[in-house]
Amino acid sequence: MAARSTFPAGLVLDAHKQQACGTPIVDLPLPRQVALALDQGSGYGAEPVVAVGAAVAMGTLVARTDYPFASALHSPLAGTVVAIETRAAAVEGGRSVCIVIESNGSDRIDDSIRPVADPDSLSPEQLTQRLRDAGIAGLGGAGFPTATKLASARDRGAQTLLLNGAECEPWICCDDALMRSAADDVVRGALILRRAAGAVRCVIAIEDDKPAAIAAMTGAIERQRDAALKVVVVPAVYPQGAERQLITTVTGVEVPADGLPADAGVICQNVATAAAVARWATRGEPILSRVVTVTGSGVAHPCNIRAPIGTALATLVAAAGGYRGTPLRLIAGGNMTGRALASDEAGLTKAMNCVLVATRDDIGSRLGAVELPCIRCGDCSNVCPAGLLPQQLYRAALADAHDALRQLGVRDCIDCGLCDYVCPSQIPLTDRFRDARRRLNAAEATAQKAADARERHELRTRRLQETATAEQQAFESVRNRARQPGDDAAGGKS
Amino acid sequence: MNPDAVFVAVLVAAALAVTLGVALGWAASLIEPDADSLVERIDALLPQTQCGQCRYPGCRPYAAAIASGAAEIDRCPPGGDATVRALAALLDRSPRPLDPAFGAPKPAQVAWIDEEKCIGCARCLPACPVDAIVGAPRQMHTVITAQCTGCELCLPPCPVDCIELRPVPAVSLRYRQPRAA
Amino acid sequence: MRFDTSPAPHVIAGYTVPRVMFQVLFALLPAGIAHVVLFGPGLLLQLSVASVTALLAEAAALRWRGRDAAPALRDGSVLVTASLLAFSIPPLLPWWLGALGTALAVLLGKHVFGGLGQNPFNPAMVGYAILLVSFPAEMTRWPVPMDVGGTHTWPELARMSFAGFYGADLTERWDGYTGATALDSIRNGLGMRYTLPELLGRGDIAGAFGVRGFAWINLAALAGGLYLMTRRIVRWHIPLAVLGGLLVPSFIAHGLDSGIALGPTLQAFSGATMLTAFFIATDPVSAATSDRGRLWYGAGIGLIAWIIRTWGGYPDGFAFAVLLMNLAVPFIDRYTVPRIYGRQP
């Protein structure tokens, strides 16, 4: 089955996928050391439960959390915790507290790691809790905990599980490689996720530029003989893989701007997440590794690598033949939304689907950009997949006009970068919008704080007045009582 | 000229004046700007530090003074130029620089009590306009950072000068820095 | 290994404003050739004086505003303004009027509002409108084109163009070679109670597509405009709406009374129709923002031009139509904000 794109616009970009996709997935030998960032990409961190010096095995829980937006962490190595310290990490801000584990060379597996006897006997709630304990998080790029999404999907009665295999961003092809090599795992995980989400259907969306993955997934589904499971081929238009845009392409329904995908009856999960769920079900394995695309003109042999979480990016690049030429940027993610990192000592995170080592050939257009005034040409609004008017938003951002920013939808921007891409004046619009959003959030926080302060001040003023009135009354009643006998005396005289 | 015509004209004009006057007065009473709502709207633009630098006992009294014309809009250093501009826009006046007589604007700050030095005298507690200091006599005091407006009113009563004002940590947005255990 | 960082996206398509502007200039080429063949080299003279004046005015304005002039001069936008104005004015115009119009276009039309991207009005049309209301006689005196009459040769057109350019009095020696445009003649003829078929029967008005000279220029401008559409520099909304706004009412009016109302073909290929539809109305700076807004904007231009052509005091109304709709842009933009994904309409 094929679907047409129905979200507002988008654009076909140079894919650059053939570089890394030609060869099978490389299994990285266990590295000497890993650095597990407490924040694995969702923006929220877990709390370490091990101390420096603790001995750990593969799969030992090292950080846990009750916070719905953070995920638990497990050691991918057997060895010792050698440090818990702030280090370079592939997260916002560029640094995070990391648990550094050094391998002792053994491959001892933690006793808690046992295959799940019968995942089908678990209730959706039990499944969700087990997935949370296993630290399963969105491997598509957001790193958002899967269990939190599942729970909210159940609460809102989502009927469709949408497996995102679109992989629309240039350079990235780890999901493609995974679907071709482990299609049965993806389907197995999808069935578990479908049950955990309380959904009845499962749709696997794949872009039409990945015929091999489509064939592999279709074959795996046929082996399952499940009528409520199907592959939908979607056009290879960026940003097809953005959650809301993909939901609209597949279902024709828009996710409300102030709502969640589950409000449109859909829960969206990445295919790699489904494969990780399958690994958990067959081996009891929490997320210890992921497949990551290591590519770009700056690496010798671009390829897809299965590597332990926390592996230094330098190790990954070395496994791909090392640096080549003059690498100018180390990007975690693709060239449209990826985060440029300052150091290759940062560790692989659950959310990192690509390591792009870019040379001038890859990013020269951006490096050489000269910003000119906006000529209101409207190319940006013609490509915006959120239906925004970036040129108007840009003016509002420059003026820091908060009402206009809200009204024009600065928070509806999905950071896809297409407006930058097409802008003939080469204005860094996306970054301006990110900045405007930060300032808008800060201003709203300040306004909220002022409102709180005002309320507290008013309550205090009222309390002081009431206290004063009460004291006055008490004073007067005492005085009256003191006068009472005198009055009586006076009365007696009369 | 016919005197009757003059008389009629005067009569008509007078009647018109009376009728329109009554109508205008009635209309004005319908749309009369409610003094309280103006104070509310001014108050909403003030930073609510309740610091009293404007020499009114809090933001709302200052808002009332602005609304009644008793005070200019340039007396609020914590709000800075942004507040003056917002007030000027609301009241349709031209913005003016802050009056330095009322203090200079500072970056956002919050009070912090050096708990080593605090003697638990409790004198700062009633000074706080937003009840953001927790403590009791002979108990150590502490400031609820999230509630503190940085008004500095707790500084003068402290006998041991154990309170200092620190810059507000940068507003953390979506990102929350994970802490080591 | 250490790396520099920069915010995403890390790649852009590399379209540039200068490239857009030079594509527009390139697309004007067919119309320019037709113009020179039919009306003599006057256009080239006007183009050169307009371009030089525009660059000087731009540089001066930027200097007065304390900006760096070099990048703005290279972006090509001011050359587009100069070219559109040169196309709009008669090729016989004395050079100082062309220079005056261009300087006013750049200074009053563009820089008083803050330069590139800030002007609410189309600068070329500002300059043209000022010239038209200030010098109505000079601004409506065109050479008789090559494709009608056949009474003169191209060298004569060239000599006349130079004479006009240097400000010679064209009324005596060149009287037979200059005249009103077809739209002007039709308008005067209708005023004298001739019928349209009678007027078109006279050789001095009709040429190919019913109008002398301008038909070919319009055809060439249409070709250039279609080229811009294939290069995705101009999208279909504004041109189609302009033509629709002009042609639909003229089709209806012509159907009601073919004796006096100009038919759609005549309207489409006379005056500044195609130049406006594809090159002038499509100036993004002064046009409406959204696709829906651009349809309203274009349709308004076409309709106002039709009204001016039919009842107004000027034979061709596109300059005023564009300026009036420029004025309406903030209003149009306010009511045509596209629906944001996931929001209620």
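Author: Across the interface of domain 1 of chain B and domain 2 of chain B there are 0 salt bridges, a salt bridge being a side-chain nitrogen of Lys or Arg within 4 Å of a carboxyl oxygen of Asp or Glu. The rule for polar contacts (a pair of N or O atoms within 3.5 Å, where within protein one must be able to donate a hydrogen and the other to accept it, and residues adjacent in sequence count only if both atoms are side-chain atoms) finds 1 residue pair here, with both residues at pLDDT 80 or more. On the side of domain 1 of chain B that touches domain 2 of chain B, there are 1 nonpolar, 3 polar and no charged residues, where Ala, Val, Leu, Ile, Met, Phe, Trp, Tyr, Cys and Pro count as nonpolar, Asp, Glu, Lys and Arg as charged, and the others, Gly among them, as polar.

This is a predicted model, in which local features need pLDDT of at least 70 and side-chain atom pairs count only at pLDDT 80 or more, while totals for chains, interfaces and linings use all residues. Residues are numbered from 1 along each chain as its sequence is written, chains are lettered from A and ligands numbered from 1 in the order in which they are written, and side-chain values use heavy atoms, with hydrogens and water left out.

In chain B, domain 1 covers 38-102 and domain 2 covers 109-175, with bounds from an automatic or database domain assignment, and their C-alpha centres lie 25 Å apart. Domain 1 of chain B brings 4 residues to the contact and domain 2 of chain B brings 5, contact meaning heavy atoms within 4.5 Å. Together the two domains bury about 340 Å², with 61% of it on carbon and sulfur atoms; buried area is the accessible area (1.4 Å probe) that two parts lose on being put together, summed over both. Within domain 1 of chain B, the residues that lose the most area to domain 2 are Thr49(B), Gln50(B) and Cys51(B), which together make up 88% of what that side buries.

Now for the interface between chains. Here 62 residues of chain A are in contact with 42 residues of chain C, and the area buried between the two chains is about 4300 Å², of which carbon and sulfur atoms give 55%. Ile375(A), Arg376(A) and Tyr421(A) supply 15% of the area that chain A buries against chain C, more than any other three residues. Between these chains there are 3 salt bridges, and the side chains of Arg343(C) and Asp412(A) meet in a salt bridge at 2.7 Å, N to O.
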